[in-house]
Amino acid sequence: MRSPEFVPYKFCDLKVYSSTEWLANNQKKYRQVFDRFLTTYIYAEFSFYNKLFDQEDWSIDVNLKCFSTHKGLEEVCNLDLTKKISKYDHIVYLREGWGNKTVGSFWKEGTYYWEIRIDGQKVASKYFYVEDSKGSPSQEGQPFFSIQSIKLYEGSYDDCPIQDRIYFREFDVETTRYIYAEILLKNLRVDIPWQMELYVKFFNESRELKGNVIRLQRLEKDTETIDITAGWGSNVKGSWRNGNYTCEIIFLNKVIAIIPFQIGDAYIEGINTPLLASGNQLQLAPELIVSHESFEDVMQELDQLIGLHDIKKRIREHAQYIQYLKLRKERGLEGTDEIEVHSVFIGNPGTGKTTVASMMGRLYKEMGLLTQGHVHLVDRVDLIGEYIGQTAPKVKEAIEKARGGVLFIDEAYSLARANDDTKDFGREAIEILMKEMSNGSGDLAVVVAGYPKEMEEFLNSNPGLRSRFKLYFDFADYLPQELSQIADFVSTRKGVHFDSAAKSRLEEIIIESYRNRTRSFGNARFVEDLIRQAKIFLGLRVMQTDDTSMLSEDDLSTILLEDVNKIEVKRTQALPDIPVDDKLLTQALAELDALIGMTQIKQEINELVRLVKYYRSTGRDVLNKFSLHTVFVGNPGTGKTTVARILTQIYKALGVLERGHMVETDRHGLVAGFVGQTAIKTAEKVDESLGGVLFIDEAYALNGNGNGDYGNEAIQTILKRMEDHRGEFFVFVAGYPKNMDDFLKANPGLKSRFDKVLRFEDYQPQELFSIAEHMLQTEGISATPEARELILAHLNKLYNTRDQFFGNARTVRNVIGGAIKNLNLRLSSLDDAEREGVNIDLLTADDVKIVDGGADTYTFEKPLIGFRKNGNTK
């Protein structure tokens with residue numbers, strides 16, 4: 001008899017398919033990505049092992065649900081299934097689906113999953129994806145990607161690094177382990193994220209399936225190229241046999257490419273020409289190796305670009321000169337001139353640098369200088385490792401991905417962060433690039449791009465770097481009339497147009513932004529963002545219509561003036577209306593007033609309070625309108641930190657800052673010990689202090705100890721954040737007078753960032769005595785007149801013999817602390833009877849006299865070298 005816990009099945013698999021065609025071994029055409037315009041029903045196949053096989057028949061109740069995750073979790077269908085299980089079925093298949101017989105009518109673009117439940121318990125789930133195949137098709141007949149290249153290489157189970165790959169047309173039967181297909185695709189849907197599923201199948205000469213590899217990959221927005229490797233074989237050599245094989249690539253249930261290869265007696269290097277899908281046929285694809293695009297075709301496309309007149313002229317002249325050098329070589333005329341392909345692109349964002357680099361790659365390809373002509377775009381993050389040994393492999397991988405085309409390094413200057421920072425791994429990347437450009441494998445053009453000033457510093461960062469680049473192209477900002485043409489082009493591409501009033505207003509925005517531009521002006525990107533916003537506001541407006549079915553195509557495509565007026569050229573964040581906190585202000589000012597001395601500082605702070613209140617009374621905004629970065633200068637114990645805390649509370653009470661907290665730190669809290677970590681550590685402190693105050697004690701310590709010190713990196717990070725978040729937080733820096741003067745002078749531009757300087761003078765003897773009285777009162781101790789006279793006399797002596805390290809209130813604390821200690825020692829020497837009638841809270845002259853001990857008690861002299869005036873050595 002079976003136990004109640006017995007379960008008569010064991011889960012096997014849950015698969016998804018759409019075709020009802022029966023295949024061998026009771027199989028279907030399984031996949032997880034579907035084209036909505038080719039799909040009717042989508043099915044789930046639930047399979048399990050029958051534990052009662054060859055014993056008895058039984059039945060099972062299964063709940064099958066489908067969910068959409070597009071807008072939250074939405075149930076698509078809920079199916080209850082009952083199946084009778086035969087004792088002769090070792091594996092049981094349960095198949096059911098949902099949809100509509102009309103192609104493309106039911107399933108919408110999005111992410112879905114099937115879920116299986118038995119007896120209320122979840123057994124399995126399987127995700128699948130529906131993609132919208134809108135757009136112009138590639139040469140392979142689908143609008144998702146186009147094939148750039150397919151190459152085959154040999155490797156182990158763990159694959160093979162790019163720099164070590166050797167591509168073969170024929171493989172050695174004795175030593176071949178895995179055969180990999182390296183597939184390079186151009187993404188045709190860069191404006192949206194989508195799911196791609198490739199099946200890579202290997203067949204032998206008899207069309208028997210050797211192996212099947214599935215690559216399911218999510219492509220994020222702006223992904224331009226898709227690199228996929230898939231291989232089949234064994235780490236045990238000899239698993240292949242002599243003969244003809246094919247590697248077939250399948251996408252959305254269609255064969256899109258077939259690459260033939262042979263297994264023979266030796267390796268033969270080379271790249272086989274694949275068969276590519278063309279409609280419903282497969283045709284040879286020599287265009288993957290030799291393009292039918294002519295030189296003039298590319299130049300004509302270049303000429304059609306808006307603006308860039310000087311760039312076009314320079315590129316045409318450069319191309320013609322290359323043709324001249326090639327002609328000389330064909331005629332047998334020798335010369336020392338080499339064909340230069342490495343370039344420097346200088347210009348602001350959105351000026352067409354990447355587009356022109358792509359065209360140069362194609363030009364070089366047509367002229368026989370490059371084999372593929374594609375562009376591989378990288379920046380510092382793609383090239384630089386976090387630890388020793390990581391940078392070189394990343395740089396070499398980027399070079400190999402670009403091999404045959406253009407390696408485009410955006411913001412290349414970031415590879416050489418600081419001339420005095422020898423620990424930065426960017427220098428290692430530069431050395432590898434220089435070596436590749438000098439005596440590498442060739443078939444590569446390197447283009448470095450960035451801002452003018454920074455690129456000049458980059459080229460000067462290594463003595464041999466400038467000599468590697470002979471071609472310089474300056475990309476000027478687009479003129480307003482060119483930006484207007486770009487707006488027309490972008491709006492046409494997005495399927496919208498402007499009425500006359502809206503277009504006039506758009507041009508006003510473009511001209512105003514052009515006049516106020518900085519070097520970070522986005523040019524074409526800026527215009528594209530304007531059109532994007534305008535289209536969004538168009539959509540929001542028309543969707544307010546009661547009956548959208550009455551809207552014409554023109555209504556859905558025409559941007560009006562009211563849409564353009566809603567565009568935010570510079571987005572502003574709404575600020576909270578923070579009233580003056582009178583209670584907190586009164587309390588903070590009382591604390592300030594209670595401090596001894598500091599007459600000038602109190603006056604400056606009270607003037608600020610009156611100014612802010614005046615702003616309030618006249619209806620002006622206060623929050624983020626004041627920039628009060630402050631330098632606190634003074635010797636130890638003069639109250640710098642105390643005033644900083646009170647001042648922060650005053651700013652909070654006045655509504656000058658949102659949060660009004662103070663983050664206290666020093667060099668240790670900002671500077672890290674490794675390259676790149678200081679900027680991160682400092683930025684985290686700044687983020688923590690936003691809405692409040694960042695107080696840096698002993699800030700002069702950030703000046704560091706010279707070359708290789710990361711303190712300057714912290715300073716530069718703080719300066720940038722002070723500018724980027726002006727008014728959103730305040731920086732208070734504190735330190736000794738001479739040190740702070742050196743600190744401000746050592747960093748150009750640092751002094752100008754600080755609006756106020758509060759100077760904390762040494763306390764006068766009477767102020768020191770008042771501090772002493774306050775300390776005694778706090779401890780609940782009084783002093784005899786004689787003791788008070790001795791304390792004042794002692795403080796006078798300390799003041800008159802002070803130096804730059806005089807401790808002010810800290811020194812007073814030491815004096816009073818010593819006197820109280822002596823009082824307690826005196827009382828502890830008395831027995832209980834003697835202590836009767838003695839005032840234990842009264843400080844006497846004897847307690848203070850013991851403290852006095854002369855000036856030598858508090859002054860330490862360093863040994864001198866040489867002779868005293870009386871002739872004695874010291």
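## Strand naming and overview

Strands here are DSSP runs of E with at least two residues, and helices are runs of H or I with at least four; both are numbered from the N terminus. By that numbering, Ile226 lies in strand S14, which covers residues 225–233.

The model is predicted. The protein holds 26 helices and 33 strands. Of its 874 residues, 46% are buried. Contacts with a separation of 6 or more are 71% between residues 24 or more positions apart. The accessible surface of the protein is about 46,500 Å². Carbon and sulfur atoms account for 49% of that surface.

## The antiparallel sheet S1-S3-S6

Three strands form an open sheet in the order S1-S3-S6, with antiparallel pairing. Strand S1 (9–17) and strand S6 (91–99) are the edges; each has a single partner strand, so one side of each lacks a neighbour in the sheet. Direction ignored, neighbouring strands of this sheet are turned by 20° against each other on average. Strand S3 spans residues 41–50 and pairs with S6 in the antiparallel sense over nine bridges. Ala44 stands opposite Glu96 in S6.

Ser47 also lies in strand S3. Residues up to four places away in sequence aside, Ser47 touches Phe11, Cys12, Asp13, Ile91, Val92 and Tyr93.

## The S4–S5 hairpin

Strand S4 (residues 58–68) and strand S5 (residues 74–85) pair in the antiparallel sense, over 11 bridges. Lys65 stands opposite Asn78 in S5. The hairpin of S4 and S5 has five residues between the strands. In this hairpin, Gly72 takes a positive phi near 75°.

## The parallel sheet

An open sheet of five strands runs in the order S28-S29-S30-S27-S31, with parallel pairing. Its edge strands are S28 (662–665) and S31 (756–760), and each pairs on one side only. Neighbouring strands of this sheet are turned by 15° against each other on average, direction ignored. S28 and S29 run parallel and are joined by four bridges. The bridge partner of Thr665 is Ile696 in S29.

## Ile226 and its contacts

Ile226 counts as buried because its relative accessibility is 1%. Which residues beyond four places in sequence is Ile226 in contact with? They are Phe145, Ile183, Leu184, Leu185, Asn187, Trp194, Met196, Gln217 and Leu219. Asn187 is 39 residues from Ile226 in sequence. In space, the two C-alpha atoms are 6.6 Å apart.

## Aromatic pairs

The count of aromatic pairs is 42. Tyr157 and Tyr178 have ring centres 6.0 Å apart and planes at 65°, so this pair is edge-to-face; the cut-off for that class is over 60 degrees. The pair links distant parts of the chain, 21 residues apart. Tyr157 is in the loop between strand S9 (145–155) and strand S10 (168–172), while Tyr178 is in strand S11 (residues 178–187). Tyr157 is exposed, with a relative accessible area of 55%. Tyr178 is buried, at 13%.

Phe632 and Phe695 also form an edge-to-face pair, 6.3 Å centre to centre with 75° between the planes. Here too the pair links distant parts of the chain, 63 residues apart. Phe632 is in strand S27 (residues 630–634), and Phe695 is in strand S29 (residues 693–697). Both S27 and S29 belong to the five-strand sheet. Phe632 and Phe695 are both buried.

## Ring cluster and charges over rings

Ring pairs join Phe168, Phe171, Phe202, Trp240, Tyr245, Phe261 and Tyr267 into a cluster. What lies over the face of Tyr799? Arg802 does, at 3.9 Å from the ring centre.

Key:
Residues numbered from 1 in each chain as written. Predicted model: local features only at pLDDT ≥ 70, side-chain atom pairs only at ≥ 80, totals over all residues. Heavy atoms only, no water. Pairing = 2+ DSSP bridges. Axes fitted to C-alpha atoms, helices over the stretch in contact; angles between N-to-C directions. Buried < 20%, exposed > 50% of the residue type's maximum accessible area, 1.4 Å probe, protein only. Contact = heavy atoms within 4.5 Å. Phe/Tyr/Trp six-rings, centres within 6.5 Å; stacked < 30°, edge-to-face > 60°. Lys NZ or Arg CZ within 6 Å of the ring centre and 35° of its normal. Areas by Shrake-Rupley, 256 points an atom, 1.4 Å probe, with all protein chains shown as cover.
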